Amino acid sequence: MICFGWIEVEKEKRNLFHLAVQRRRRLRAKMYSLIEGAPRAADLESSESVMDNLMGLLRVHVKRGVNLAVRDVRSSDPYVVVKMGNQRLKTRIVKKDVNPEWNDDLTLSITDPDIPVSLTVYDHDTFSKDDKMGDSEFEVRSFIEALKKYTNLEEIPSGTVISRLKPDTDNCLVDESAIYVNNEGKIIQDLFLRLRNVECGEVEIQLQWIHYPGSKTF
């Protein structure tokens with residue numbers, strides 16, 4: 001009778017273990033489905049180390065460009081490429097507009113907050129190589145530190161400014177960048193970035209963090 005009870009306990013342990021493994025795989029697949037250009041399901045097992053070190057997901061809302069450079073006869077067909085480490089994402093192309101409104105969401109997986117995020121604007125060409133229209137860069141550590149510091153957002157009124165980053169020679173900010181709590185109770189950062197290596201142009205973006213269960217950051 002004791003032996004039978006022990007066998008039942010071992011079976012229950014194995015069942016719980018398999019359920020935990022299946023839940024982990026479903027969660028991993030869900031996280032990758034949120035990331036633009038994510039690996040296929042067959043490649044997920046080889047990416048376990050990335051998922052194990054994943055701090056969370058950063059949604060980069062690419063709003064608009066302002067006074068971008070002309071690369072065609074009178075205008076440009078701009079799009080934005082966002083890179084972080086080996087990740088490369090891009091917005092849609094806006095035809096013949098040097099003040100484009102993309103309003104595209106690009107999602108990056110964050111494993112190291114010290115890796116900078118680069119942003120490059122290109123002019124789409126049909127019969128030749130796409131022309132560069134300037135580049136910029138921003139860091140995410142300040143944003144993540146704000147997230148770590150203010151975890152109980154229910155107690156913080158909407159509109160509360162948590163931190164401000166000022167433009168200087170070490171960043172590409174055009175104006176002061178505010179990290180604040182929006183009306184939905186989420187921490188947001190607005191950035192207006194100056195484009196480098198070009199005669200003119202600025203890009204406006206917004207950052208938002210996507211939490212997931214088991215994050216090592218929070």
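Biologist: How many helices and strands are there in the protein?

Modeller: This is a predicted model, where local features need pLDDT of at least 70, side-chain atom pairs count only at pLDDT 80 or more, and totals for chains, interfaces and linings use all residues. Residues are numbered from 1 along each chain as its sequence is written, and side-chain values use heavy atoms, without hydrogens and water. Helices (H or I, at least four residues) and strands (E, at least two) are DSSP runs, numbered from the N terminus. The protein has three helices and 10 strands.

Biologist: What share of the 218 residues is buried?

Modeller: Buried means under 20% relative accessible area, with a 1.4 Å probe and protein chains only. Among the 218 residues, the buried share is 42%.

Biologist: What share of the contacts with a separation of 6 or more joins residues 24 or more positions apart?

Modeller: A contact means heavy atoms within 4.5 Å. Of those with a separation of 6 or more, the share from residues 24 or more positions apart is 57%.

Biologist: Which strand gives the most to the lining of the second largest pocket?

Modeller: A pocket is an open set of points on a 1 Å grid over the protein atoms alone, where a 1.4 Å probe fits, with protein on both sides within 12 Å along at least five of seven lines; lining residues have an atom within 4 Å of a point. Strand 6 (131-138) and strand 9 (187-194) each supply at least two lining residues. With three residues, the top contributor is strand 9.

Biologist: Which residues lie nearest the centre of that pocket?

Modeller: The second largest pocket has 15 lining residues. Those nearest its centre are F138, E139, D170, N171 and C172.

Note on methods:
Buried < 20%, exposed > 50% of the residue type's maximum accessible area, 1.4 Å probe, protein only.
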